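Me: I would like to learn how to read the features of a protein model. Could we go through a few of them in turn?

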Amino acid sequence: MDRLVLDPTGRDRDAETAELHARGPATPVDILGVKAWAVADPDLLEDLLKDPRVSKDGHQHWPELPEFSSGWPLALWVTVRSMFTAHGADHRRLRRLVGTAFTARRINELAGRVEELTEALLDDLAATPPGTPVDLRERLAYPLPIRVIAQLLGLPDELVDRFRAHVDGAFDTTLTPAESEANGVAFYGMVGELIAAKRREPGDDLTSALIAACESEAGGGSRTDGGDAGLSEQELLDTLLLVVSAGYETTVNLIDNGIANLLTHPEQLALVREGKVGWDDVVEETLRRDAPVAHLPLRYAVEDIELPGGVTVRRGEAILASYAAAGRHPSRHTDGAAFDLTRADKDHLAFGHGVHFCLGAPLGRLEGRTALSRLFERFPDLVLAPDAELRPVESLISNGHRTLPVLLHGPRA
């Protein structure tokens, strides 16, 4: 079978999804020059995501890593040393350290703050003159999760916008290798500034807690070996980079896609307003239909793995989790492209599965539910702006819109 070249612009996600479905449970793809197996079948993907023969640690299990550790636009995704890429005992150690910030108790404590931030953003939107289009991706979907993750990390206000620019660069798969590498260097520099600031003035935040774990060894010196407990200096950098990146980009797309789906399917919005379905239904159906991360690089076969249809993924070959295609797969969802809030089975893999299931899933759901419910309650006449073009973000990873222009009070008479 010919290798499918994935479009770095994401400009026709629907056609790409249909092609992945037609090619079977797993198909060879090209990701900006890297060869991998894309898995779009949700049953097979679930199996692989919890299979111990599949690793995310390219340093151990991807022989091609040295070739693509620099110069490849997605190098940052595969070279970091954090729970995102760790395997086995290292993954458990790193996940345990970060998990303290995402317990059910901490999420419940954040609920009030999420509501406060949402109301403040909606107050700001309410000052918009009637008939003036507003970009809700820029004015709501972006700032809410950024401010929440900034609070979790203790991120100084002056660093917030600069961090956002580098996260956007990490998800932009149209950058040249040089642009991507420069963004990575600058991103690490920003994380280093945050660490330095928190070492000078620790606070009650995740950054300070991770620094303490890094410096917990005898004598208070920072670890560099990545041993059995605590955190090495590189792991500290990469863990913070992960939390900043994953901590808001997926929620931005959840809020963005939720708004777009409701405005382009008014009959579904009517069901919400009539109380026939709830806001949790909106969140889950949006996650299923439009996974915030379309493709997530990369995983690797620790040994040869036999797949259905006589396909063998050889040891050391790369595997790509194609979440957007899995969410619409006909084997699990009838008419998967439809946005149907009454769908009985809204099961999805948008937050992953198995040991790498997203720690921030409860927080993302909380933010999405709060933003969507309060927006449509506050602005009941909300509509898409005339001639609005819902163009995709230029990325094969991030699955959202470049802009989301709306009229808050409907068209002017």
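This is a predicted model: local features need pLDDT of at least 70, side-chain atom pairs count only at pLDDT 80 or more; totals for chains, interfaces and linings use all residues.

Me: How are two packed helices described?

Reply: Two packed helices are described by the angle between their axes and the distance between the axes. Here, take helix H10 (residues 157–171) and helix H11 (residues 177–200): their axes come within 9 Å and cross at roughly 145°. The crossing of H10 and H11 is left-handed.

Me: Which residues of H10 and H11 make the contact?

Reply: On the H10 side they are Leu-159, Arg-162, Phe-163, Ala-165, His-166, Val-167, Gly-169 and Ala-170. On the H11 side they are Asn-183, Ala-186, Phe-187, Met-190, Val-191, Glu-193 and Leu-194. By class, the residues of this contact of H10 with H11 are ten nonpolar, three polar and two charged.

Me: Next, cavities. How many cavities of 30 Å³ or more are there?

Reply: The count is two cavities of that size. The largest cavity has a volume of about 710 Å³. Lining it are 40 residues, and the closest to its centre are Phe-84, Leu-242, Ala-246, Gly-247 and Cys-358.

Me: Which element gives the most to the lining of the largest cavity?

Reply: H13 does, with six residues. The elements that give two or more residues to this lining include helix H5 (75–79), strand S6 (296–301) and helix H18 (361–378). The lining of the largest cavity divides into 25 nonpolar, ten polar and five charged residues.

Me: What volume does the second largest cavity have, and which residues line it?

Reply: The second largest cavity has a volume of about 50 Å³. Its lining consists of Ile-146, Ile-149, Leu-155, Val-160, Phe-163, Arg-164, Val-244 and Tyr-248. Phe-163 has already come up in the contact of H10 with H11. The largest share of the lining of the second largest cavity, three residues, comes from H10. By class this lining has seven nonpolar, no polar and one charged residues.

Me: And the largest pocket: which residues are the closest to its centre?

Reply: The largest pocket holds about 390 Å³ of space. Of the 20 residues that line the largest pocket, Asp-14, Asp-290, Arg-328, Asn-399 and His-401 are the closest to its centre. Helix H1 (13–22) and helix H14 (249–264) each supply at least two residues of the lining. H14 gives the most to the lining of the largest pocket, with four residues. The classes in this lining are five nonpolar, eight polar and seven charged.

Me: Which residues of helix H6 are buried?

Reply: In helix H6 (residues 89–99) the buried residues are His-91, Arg-93, Leu-94, Arg-95, Val-98 and Gly-99. They pack against helix H12 (206–214) and helix H13 (233–246).

Me: What is the phi of Leu-32, and what is that of Asp-335?

Reply: Leu-32 is not a glycine, yet its phi is positive, about 55°. Leu-32 is in the loop between strand S2 (26–31) and strand S3 (34–39). Because its relative accessibility is 24%, Leu-32 counts as partly exposed. Asp-335, also not a glycine, has a positive phi of about 50°. Asp-335 is in the loop between helix H17 (323–327) and H18. With a relative accessible area of 54%, Asp-335 is exposed.

Definitions and conventions: Residues are numbered from 1 along each chain as its sequence is written. Side-chain values use heavy atoms; hydrogens and water are left out. Axes are lines fitted to C-alpha atoms, for helices over the stretch in contact, and angles run from 0 to 180 degrees between N-to-C directions. A crossing is left-handed if the near helix is turned anticlockwise from the far one by less than a right angle, and right-handed if clockwise. Contact means heavy atoms within 4.5 Å. Ala, Val, Leu, Ile, Met, Phe, Trp, Tyr, Cys and Pro count as nonpolar, Asp, Glu, Lys and Arg as charged, and the others, Gly among them, as polar. On a 1 Å grid over the protein atoms alone, a cavity is a set of points where a 1.4 Å probe fits but cannot get out, and a pocket is an open set with protein on both sides within 12 Å along at least five of seven lines; lining residues have an atom within 4 Å of a point. Grid points are joined across faces, edges and corners, and a volume is the space filled by probe spheres set on the points. Buried means under 20% relative accessible area, exposed over 50%, partly exposed in between (1.4 Å probe, protein chains only).
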